[in-house]
Amino acid sequence: MNVIIIEDEKPSARRLQRMLKAVDLNAETMLHSVEESIAWFRNNEHPDLIFLDIQLSDGLSFEIFEAIEIKSAVIFTTAYDEYALKAFKLNSIDYLLKPIDDEDLKTAVEKYKGRLPQNQSVTLDFNDIKNLLVNPIEREYKKRFSVKVGQHLKLINIEDIECIYSENKGTYVYTSEGRNYLLDATLDELETELEPDVFFRISRKFYVNINAIKDMVSYTNSRLQIKLNRFNDHDIIVARERVKDFKNWLE
């Protein structure tokens, strides 16, 4: 199977290459920009499968498909934590949210292999996805959660939440009062519900509220450690693959 990676961050590209090797896929070609990708596609046989980052150093990767007609299947690799990601599930093989998880990658690859030998054409789908990302429609985000406390229901306003995290297969909110409550949802399910200007998913286990951040400290392996106003039950670490996007989000 001919597989390529299009990713502007070279450490992320190499990490994905190693992860693919672990599921018996060889991605010898790695491209890092829109310009480089267009030139490569014009001079090489198109691959069976592309692992595609959306935001490249010189623009959105959709520009590649506007310049070149590509028939390859696509698995998106992206840091977008917005509801528009749902479109990727419908219009591509799959999407992988950074930092990429081994099990998620394995599932996406198996899904692709399960669709062979179909020849999937993806070029007609990109405009819809691009429009959702570039011109998102107005929508309402979650303003509060209802949680069960004993036999009672308690309302928690979004602005009172410092972070949302997963632990032991449960999802919890931690409030500015210093209490945590179990939610009836997973972090993945909350992707479409949380205001992206307020909440950022710094890792597979944590969303943080920008208004609750007290301090940010350099951490090992080019990561960041987040200090919140009250939460100190766990170290809150921004995954290395998310540091760049996290810094952009802060601005």
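Two strands pair if DSSP finds at least two bridges between them. With that in mind, look at strand S8 (residues 144-149) and strand S9 (residues 152-157) in this predicted model: the two pair in the antiparallel sense over 6 bridges. S8 and S9 form a hairpin with 2 residues between them, and Gly 150 in the turn has a positive phi of about 65°.

**Overall make-up**

The protein chain contains 7 helices and 17 strands. Of its 251 residues, 48% are buried. If you take the contacts between residues at least 6 apart in sequence, 55% of them join residues at least 24 apart. The accessible surface comes to about 13,400 Å², and carbon and sulfur atoms account for 43% of that surface.

**The largest nonpolar core**

Which residues touch the most other members of the largest nonpolar core? They are Ile 6, Phe 41, Ile 50 and Ile 64, out of 21 residues in that core. At least two core residues come from each of strand S1 (3-6), helix H2 (34-43), strand S3 (49-53), helix H3 (62-67), strand S6 (73-78) and strand S7 (94-97). H2 gives the largest share, with 4 residues.

Ser 61 is in the loop between strand S5 (59-60) and H3. Is Ser 61 buried or exposed? Ser 61 has a relative accessible area of 0%, so this residue counts as buried. Its side chain reaches the backbone oxygen of Asp 53 at 2.9 Å. Not counting residues up to four places away in sequence, Ser 61 touches Val 34, Leu 52, Asp 53, Ile 54 and Leu 56.

**An aromatic cluster**

A search of the whole structure finds 10 aromatic pairs. A pair of aromatic rings is described by the distance of the centres and the angle of the planes. Two of the pairs found here involve Phe 231, as the table shows.

| Ring pair | Centre to centre | Angle between planes | Arrangement |
|---|---|---|---|
| Tyr 174 and Phe 231 | 4.8 Å | 85° | edge-to-face |
| Phe 206 and Phe 231 | 5.8 Å | 75° | edge-to-face |

Why does the pair of Tyr 174 and Phe 231 tie together parts that are 57 residues apart in sequence? Tyr 174 lies in strand S11 (residues 170-175), whereas Phe 231 lies in the loop between strand S16 (223-228) and S17, so the pair spans that separation. Phe 206 lies in strand S14 (residues 206-209), so its pair with Phe 231 ties together parts that are 25 residues apart in sequence. Both Tyr 174 and Phe 231 are buried, and Phe 206 is buried too. Ring pairs link Tyr 165, Tyr 172, Tyr 174, Phe 206 and Phe 231 into a cluster.

One member of this cluster, Tyr 165, also has a contact with Lys 205. Lys 205 lies in the loop between strand S13 (199-201) and S14, and counts as exposed at 52% relative accessibility. The C-alpha atoms of Lys 205 and Tyr 165 are separated by 5.3 Å, although the two residues are 40 apart along the chain. Beyond neighbours within four places in sequence, the contacts of Lys 205 are Ile 164, Tyr 165, Ser 166 and Leu 187.

**A buried glutamate**

Glu 241 sits in the loop between strand S17 (236-238) and helix H7 (243-250). Its relative accessibility is 12%, so Glu 241 counts as buried. The side chains of Glu 241 and Arg 15 are joined by a polar contact of 3.2 Å. Apart from residues up to four places away in sequence, Glu 241 touches Glu 9, Ser 12, Arg 15 and Pro 99.

**Two positive phi values**

Most residues other than glycine have a negative phi, and most peptide bonds are trans. Asp 24 has a positive phi of about 65° although it is not a glycine. Asp 24 is found in the loop between helix H1 (10-22) and strand S2 (29-31), and is exposed at 69% relative accessibility. Lys 169 also has a positive phi, near 70°. The loop between strand S10 (161-167) and S11 holds Lys 169, which is exposed at 93% relative accessibility.

Definitions and conventions. Residues are numbered from 1 along each chain as its sequence is written. This is a predicted model: local features need pLDDT of at least 70, side-chain atom pairs count only at pLDDT 80 or more; totals for chains, interfaces and linings use all residues. Side-chain values use heavy atoms; hydrogens and water are left out. Buried means under 20% relative accessible area, exposed over 50%, partly exposed in between (1.4 Å probe, protein chains only). A polar contact is a pair of N or O atoms within 3.5 Å; within protein, one must be able to donate a hydrogen and the other to accept it, and residues adjacent in sequence count only if both atoms are side-chain atoms. Contact means heavy atoms within 4.5 Å. Rings of Phe, Tyr and Trp (its six-membered ring) pair if their centres lie within 6.5 Å; planes under 30 degrees apart count as stacked, over 60 as edge-to-face and the rest as tilted. A nonpolar core is a set of buried Ala, Val, Leu, Ile, Met, Phe, Trp, Tyr and Cys residues joined through side-chain atoms within 4.5 Å. Accessible areas come from the Shrake-Rupley method with a 1.4 Å probe; for residues, only the protein chains shown count as cover.
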